[in-house]
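Welcome, and thanks for taking a look at this one with us. Here is a short tour, starting at the ligands and ending with the fold as a whole.

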Amino acid sequence: MVLSTSPMVVVANRLPFILAKDSKGQLVRKQCAGGLVTAVAPVVVETEGLWVGWSGLHEEDSTGEIPEADPNDQSPTAGLKSKQVLPVCLPKKKFDDYYNGCCNATFWPLFHSMPDRAVFQADKWEAYRQVNEEFAMLTVEAVKKLVNSNPECIPLVWLHDYHLMMAANTIRERCDELGLPIKMAFFLHIPFPSWDIMRLFPWDDELLQGILGCDSVGFHVEDYCLNFIDCCQRRLGCRVDRQQMLVEHNNRSVSVHPLPISIPYERFVNLAEKAPQVVKNHDQEQLLLGVDRLDYTKGLVHRIKAFETLLQKHPEHIEHVTFLQVAVPSRTDVKEYQELKEELDQLIGRINGQFSTPNWSPIRYIYGCVSQDQLAAFYRDSSVAVVTPLRDGMNLVAKEFVACQTGEPGVLILSPFAGAGTTMHEALLVNPYETNEFAEVIHRALTMPKDERELRMKQLRRRERERDVNFWLRSFLKTVDCLSDDSVTQGRL
Ligand code: ADP
Ligand code: G6P
């Protein structure tokens, strides 16, 4: 089914796969199985569009070559031909200043409302602007390629996330100069903070103007949209319409949209139906599950301390409940992430040392990636998922857990500070900073009667099935007038 009426140019920090050398020294594609890639790559394939992004290699190690997909590749990117991929190749130092120095050290903490962790350095901000310029120039090449092969088309350029907030105006100006028609949209995958936080960034006016270079701007939830509109009004003096969600800037009108991202629901159901059983100590053992990138926004320390409090206040759970925490290594070059890893190792070691018995340890901790099958099995066989970030744009783990609950229904514990907390009403909400209350909520989840669990899970699953990642994609295409008629009649919009 053709969803989009325009060829799509996705511009994201990362390509939908990374490049690595295999055992024979050949360059091969390595898949990243995120929901975004699953949903968006097929649209790029079917509209014969292009994907601009970083391949994981630096200029020093790369020839710019993109290998074709392996003939056995079954992933959503298998149909993406090498000529549809434009890799951004930069010297290591420059990339590092942009990615670690600015994206991860400034925007990530600031946008998650943790300004004390954010660093503001003019040289890193300059590197960010320059790298955005490089992405922009490559995007113009992509647009040129598409318009040359079909002069009737109007490419849809879709910029993603906090890495690329300064690319739009360069793309617009260059395309105008070259007479290339485009539509341009931006989607932010993390929260957009309030004005009071945003104004701490010394170059906030430039940043806001950068985003306003697009025609359409999307955030996960309405609160983030309103924060953005507020910043545009207060910092740039733009005329805004909060009802219609419009911002006027430089005689253009920019539309703002709440577009809650989701997951490929049916894919997770299928995985859960086929996945092997998780090994438990005994039949009655209940698993509490946490699955996160190892990131300070995810509230891992708070969660583990709440579990410790549960064992102290409700010793009846000793030997009957195990906390399984899976943490994916992330941004390991950044000091804060290294420190968090050490803190967790110590905390988990201390709690296991204190509470373990000859046949049981309270915390099973996996530091690493697990396969999709394994992940689905964990989701399906856990009694409780604990998704308690201190701040999170959306959080897909909460949705994946719900999709995989194909057997005995479990309970979802969710933080109100995640985007998912605003729509998944049947979850048990808990403030992760309130340790005692948190422990009581875990106890309540572990002892919840079956009929209540069933009722809650049924409703959670129904919503996520209807509002899956394809619904998100169609909603987005509708905001930019690119949703094909076919897909309006076949889809739910
Ligand atoms: P974020 O984008 O901040 O990492 P999300 O919860 O939105 O947070 O998305 C995390 C994604 O990473 C999910 O799709 C999840 O399945 C995947 N993931 C998390 N932990 C692991 C792991 N240990 N192994 C494999 N995939 C993981
Ligand atoms: C979040 C961001 C993504 C990013 C991902 C992994 O989900 O919104 O843009 O790709 O984290 O982080 P990394 O820095 O490894 O790309």
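## Around ligand 2

Sorted by class, the shell of ligand 2 holds 1 nonpolar, 2 polar and 3 charged residues. Please keep in mind that this is a predicted model.

Which residues sit around ligand 2? They are R14, D161, H189, I190, S330 and R331.

## Around ligand 1

Ligand 1 has 15 residues around it, and R293, V328, C369, L396 and V397 come nearest. Two or more residues of this shell are supplied by each of β12 (286–293), β13 (321–328) and α12 (396–403).

How does the shell around ligand 1 divide by class? It has 9 nonpolar, 3 polar and 3 charged residues.

## The chain as a whole

## Packing and contacts

Of the 493 residues in the chain, 47% are buried; a residue counts as buried when 20 or more other C-beta atoms lie within 10 Å of its own.

The contacts tell us about sequence separation too: taking those between residues at least 6 apart in sequence, 78% join residues at least 24 apart.

Methods:
Residues are numbered from 1 along each chain as its sequence is written. Chains are lettered from A and ligands numbered from 1 in the order in which they are written. This is a predicted model: local features need pLDDT of at least 70, side-chain atom pairs count only at pLDDT 80 or more; totals for chains, interfaces and linings use all residues. A residue is buried if 20 or more other C-beta atoms lie within 10 Å of its own, exposed if 12 or fewer, and partly exposed in between; C-beta atoms are placed from the backbone. Two residues are in contact if their C-beta atoms, placed from the backbone, lie within 7 Å. A residue is near a molecule or strand if its C-beta atom, placed from the backbone, lies within 6 Å of it. Ala, Val, Leu, Ile, Met, Phe, Trp, Tyr, Cys and Pro count as nonpolar, Asp, Glu, Lys and Arg as charged, and the others, Gly among them, as polar. Helices (H or I, at least four residues) and strands (E, at least two) are DSSP runs, numbered from the N terminus.
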